[in-house]
Amino acid sequence: MNIFEFSFLVWIGSFAAGFLGALTGLGGGVVIVPLLTSVFGVDIRYAIGASLISVIATSAGSAATYIRSGFANLRLGMFLEVATTLGSFVGATLATVVPVKALTVVLGIVLLYSAFFAQQSTPKEVELTEPGSLAERLKLDNCYPTPNGEGTIAYSVHSVPTGFSLMAVAGLLSGLLGIGSGSLKVLAMDRVMGLPFKVSTTTSNFTIGVTAAMSAGVYLSRGYVDPGLSMPVMLGVLMGATAGARVLIGAKPEWLRWLFSIVLVLLAIKMIYNGLFITG
């Protein structure tokens with residue numbers, strides 16, 4: 001296989017990852033690392049570096065749209081980025097010294113969790129309730145547009161310290177494994193902090209790019225970002241995510257969620273098996 005064929009196949013795989021990731025809300029990064037390592041035989045640290053570059057590109061491309069639409073909570077996102085960037089720096093630093101076997105097994109476990117999360121039903125949106133004292137002092141409460149665009153719905157932010165801590169864990173996983181950790185971020189904002197689901201997903205997308213940028217800087221300084229690998233991955237995920245976002249508007253992606261979960265489970269089993277029995 002020559003370099004052109006390899007790049008083309010990587011682009012196809014990355015496009016599929018970005019497409020399915022956009023439909024499920026988990027992002028394509030969660031598939032890229034196991035895809036590159038298990039299918040194409042790429043070293044896991046170079047795969048993580050390429051995945052982080054793709055996460056930055058997809059987040060930057062969609063974050064502006066979410067902010068203009070009024071769904072993303074910019075103030076809350078910038079506050080939570082303090083936790084995610086610190087966590088991502090620690091995770092990226094650990095990833096350069098942690099054995100490949102341990103990274104592979106941990107990634108497999110995270111894939112199993114992501115497959116489970118992809119099947120969870122969308123929670124009902126939260127109406128305005130009494131704001132927590134810390135959220136009130138930081139002015140984190142906000143509102144988002146109604147479906148018909150004729151007004152806004154206000155909401156409050158709760159359990160700020162717990163959500164902040166979970167965001168630090170999400171950042172650590174992002175830096176350690178090269179994934180956006182969108183599932184954990186959405187879980188923190190939606191289930192713990194009480195944000196409406198649309199606000200959680202769009203704000204999570206806004207923070208993912210900044211988190212990945214911190215981690216990518218560490219990988220770049222250690223020489224784990226290969227332009228020849230990162231370019232087709234970035235282009236594939238970006239184009240796939242764009243196509244997936246357009247399909248999502250008028251489609252019911254329940255069957256794609258099942259397909260996505262099945263793929264994640266298969267990749268997770270292979271990653272855990274390789275980490276326990278094959279990877280040196």
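Biologist: Helices are DSSP runs of H or I with at least four residues, strands are E runs of at least two, and both are numbered from the N terminus. With that settled, which residue follows H2?

Modeller: Gly41 follows H2, and its phi is positive, near 70 degrees. Please note that this is a predicted model, in which local features need pLDDT of at least 70, side-chain atom pairs count only at pLDDT 80 or more, and totals for chains, interfaces and linings use all residues. Residues are numbered from 1 along each chain as its sequence is written, and side-chain values use heavy atoms, with hydrogens and water left out.

Biologist: Understood. How many helices and strands does the chain have?

Modeller: There are eleven helices and two strands in the chain. Along the sequence they follow the pattern α-α-α-α-α-α-β-β-α-α-α-α-α.

Biologist: And what share of the residues is buried?

Modeller: Of the chain's 280 residues, 49% count as buried. Buried means under 20% relative accessible area, exposed means over 50%, and partly exposed lies in between, with a 1.4 Å probe and protein chains only.

Biologist: Back to H2, then. Why is it described as largely enclosed?

Modeller: Helix H2 spans residues 29-39, and ten of its eleven residues are buried, so the rest of the structure largely encloses it. Among the buried residues of H2 are Val30, Ile32, Pro34 and Leu36. Val31 also lies in H2, and it counts as buried at 9% relative accessibility.

Biologist: How far is Val31 from Ile179 in space?

Modeller: The C-alpha atoms of Val31 and Ile179 are 8.3 Å apart, although the two residues are 148 apart in sequence.

Biologist: Are Phe71 and Tyr144 buried or exposed?

Modeller: Phe71 counts as buried at 19% relative accessibility, and Tyr144 is buried with a relative accessible area of 3%. In another pair, the rings of Phe79 and Phe164 have centres 5.2 Å apart and planes at 45 degrees, so that pair is tilted. Phe79 lies in H4 and Phe164 in helix H7 (residues 160-177), so the pair ties together parts 85 residues apart in sequence. Phe79 is partly exposed at 24%, and Phe164 is partly exposed at 25%.

Biologist: Which residues form a ring cluster?

Modeller: Ring pairs link Phe8, Trp11 and Phe15 into a cluster.

Biologist: Finally, at what angle do H4 and H9 pack?

Modeller: H4 and helix H9 (residues 197-221) pack at about 30 degrees, with their axes 8 Å apart. Axes are lines fitted to C-alpha atoms, for helices over the stretch in contact, and angles run from 0 to 180 degrees between N-to-C directions. H4 is therefore roughly parallel to H9, where angles under 35 degrees count as roughly parallel, over 145 as roughly antiparallel, 65 to 115 as roughly perpendicular and the rest as oblique.

How values were computed
Rings of Phe, Tyr and Trp (its six-membered ring) pair if their centres lie within 6.5 Å; planes under 30 degrees apart count as stacked, over 60 as edge-to-face and the rest as tilted.
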